[in-house]
Amino acid sequence: MTPEALADLVGTAVAQLLADRGLDATALPEQVTVERPRNPEHGDYATNIALQLAKKVGVAPREFATWLAEALRSHEAIAKADVAGPGFINLTIATEAQGAIVEDALKDGYGTGSELQGQKINLEFVSANPTGPIHLGGARWAAVGDAIGRVLQARGAEITREYYINDAGAQIDRFVSSLIAAAKGEPVPEDGYAGTYVGEIAAEVLRREPGALGDPATVRRVGLELMIDEIKRSLDDFGTHFDVFFSELTLHQSGAVADTVAKLKANGSLYEKDDAWWLRSTDYGDDKDRVVIKGDGNPAYIAGDIAYLADKQSRGFDRFIYMLGADHHGYTARLKAAAAVLGGDPDSVEVLIGQLVNLVSGGQPVRMSKRAGTVITMEDLVDAVGVDAARYAMIRSSVDSSLDIDLDLLRKHSNDNPVYYVQYAHARTSSILRNAADLGITPGGDFALLTHEREGDLIRTIGEFPRVVATAAELREPHRVARYLEELAGTYHRFQQDCRVLPRGDEETTPLHQVRLQLVNATRRVFAAGLGLLGVTAPERM
């Protein structure tokens, strides 16, 4: 019995109890919570529903819990239901009911759900300026953003992964000036871009367009094309793929920015002051109104943001998730304001802010890139530890906090390395199944035979997977999947230490061996599914 099924069972029992005793049926919450207690001696699961309901229905919590525990004991899936403390109920699941978790885990799609069915979500992430290779902050979003898309899809949402190419503005002018200087062998311009990659791109521009130095527009066009192609290759190599690459420049060239500004002027969302046009963003929680058209008549950066959101709205999305860097804290309110003045729901805009990433090796920070010069790039990290380790390291911690990545740890082939720990556990399950096949042993048998404490621990951990994925999707926190997989790996290792899966030597194969193989196979499938949600491979041999 999965936690979700148990919660439904408890909810049904509570509803029946309220009806039988003439109590307020509306007191029952939409969602009943059941959780695994920290102390396994307290049972398999616990619920505080009696504490939640008692005041609403005018019954002491412990008295209500006593009634409910008695009702639950009559259900064949419940082996024990004990009241504890002021009104908690500790539940022990019958062995036969726990076997249903293994059956579910052996089915395709375990961990998926339909609660987000019908939601069309635009997920914009990375969106690094096309003026250099993707740095570590962009790499974090490349891993985390891709994983968020995967968990949202697993729960039924339709996801469009989008990369906003900032190919307009002063940073592009500086990039082009840097390319021209490199092509001429001149020093890097003030505020320009350094690093060997600038020289490499400049040389390729001249190879393709020998006369480009006399035509800055050609340098801009070809240089940007080369840089964007390199960014796309890096993302593909990292396992992160986008459905849409959207050019900021096209918003200006097509007139979309001018049209959007005209619309906002007409509906009163902009006002004129000091020769500039301002967005009334304080009406929507911003700390100050924002300049949309500057005093010189040129659009401010936010003008493109508003036009871009208008374009997204026109494509029929229900929700717009922006994943931005640590220096973008002020963007939430202004993007919500933009949604509102465009006639949309400000709550349809969601902004996630990621904190900085630092590399450490030998106990010291790593600061210089082999190619970019001033910053560490995604390619530097991949070269150092590989794609799997890089992605997993980026995903396994909450983006709300800065992240220190220990390169020495990620290179280790030991249980101290979290990605190795999880992948090795998957490889061990695959090895056992291969060995069983070689011995002619097929998985099967009666799940009621799985009565060992370690078996129960493993089954209950497997049973948590759908809820972990659902929570990760709801909170946009794929690190929950990574931490769960580490817990599953530990639980599996303890199971394998205490529970012999394959017969030794001339020992006969028993139904217990076969049913334990089923449990191992279910575990393998959950490892593979969980790693897949993180975009990390599940190797069968290590």
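User: What makes α5 mostly covered?

Analyst: Count its residues: in this predicted model, 16 of the 19 in α5 are buried. Buried here means under 20% relative accessible area.

User: Why is Leu-136 called buried?

Analyst: Leu-136 has a relative accessibility of 7%, and the cut-off for buried is under 20%. The value falls under the cut-off, so Leu-136 counts as buried. You'll find Leu-136 in helix α5, which covers residues 136-154.

User: Which residues does Leu-136 touch, leaving out those up to four places away in sequence?

Analyst: Val-357, Leu-359, Ile-376, Thr-377, Leu-381 and Met-394. A touch means heavy atoms within 4.5 Å.

User: How do you know that the span of α5 agrees with what it should be?

Analyst: Take 1.5 Å a residue: the 19 residues of α5 should span 27 Å. The end C-alpha atoms of α5 are 27 Å apart, so the two values agree. Just after α5, Gly-156 takes a positive phi of about 105°.

User: What makes up the lining of the second largest pocket?

Analyst: That pocket holds about 730 Å³ of space. Its lining has 28 residues, and the closest to the centre are Glu-4, Gln-31, Arg-155, Arg-467 and Ala-470. By kind, the lining divides into ten nonpolar, nine polar and nine charged residues. Helix α18 gives the most, with six residues.

Conventions:
Residues numbered from 1 in each chain as written. Predicted model: local features only at pLDDT ≥ 70, side-chain atom pairs only at ≥ 80, totals over all residues. Heavy atoms only, no water. Helix = DSSP H or I, 4+ residues; strand = E, 2+ residues; numbered from the N terminus. Buried < 20%, exposed > 50% of the residue type's maximum accessible area, 1.4 Å probe, protein only. Expected span 1.5 Å × (residues − 1). 1 Å grid on protein atoms, 1.4 Å probe; cavity = no way out; pocket = protein on both sides within 12 Å on 5 of 7 lines; lining within 4 Å. Points joined across faces, edges and corners; volume = space filled by probe spheres on them. Nonpolar A, V, L, I, M, F, W, Y, C, P; charged D, E, K, R; others polar.
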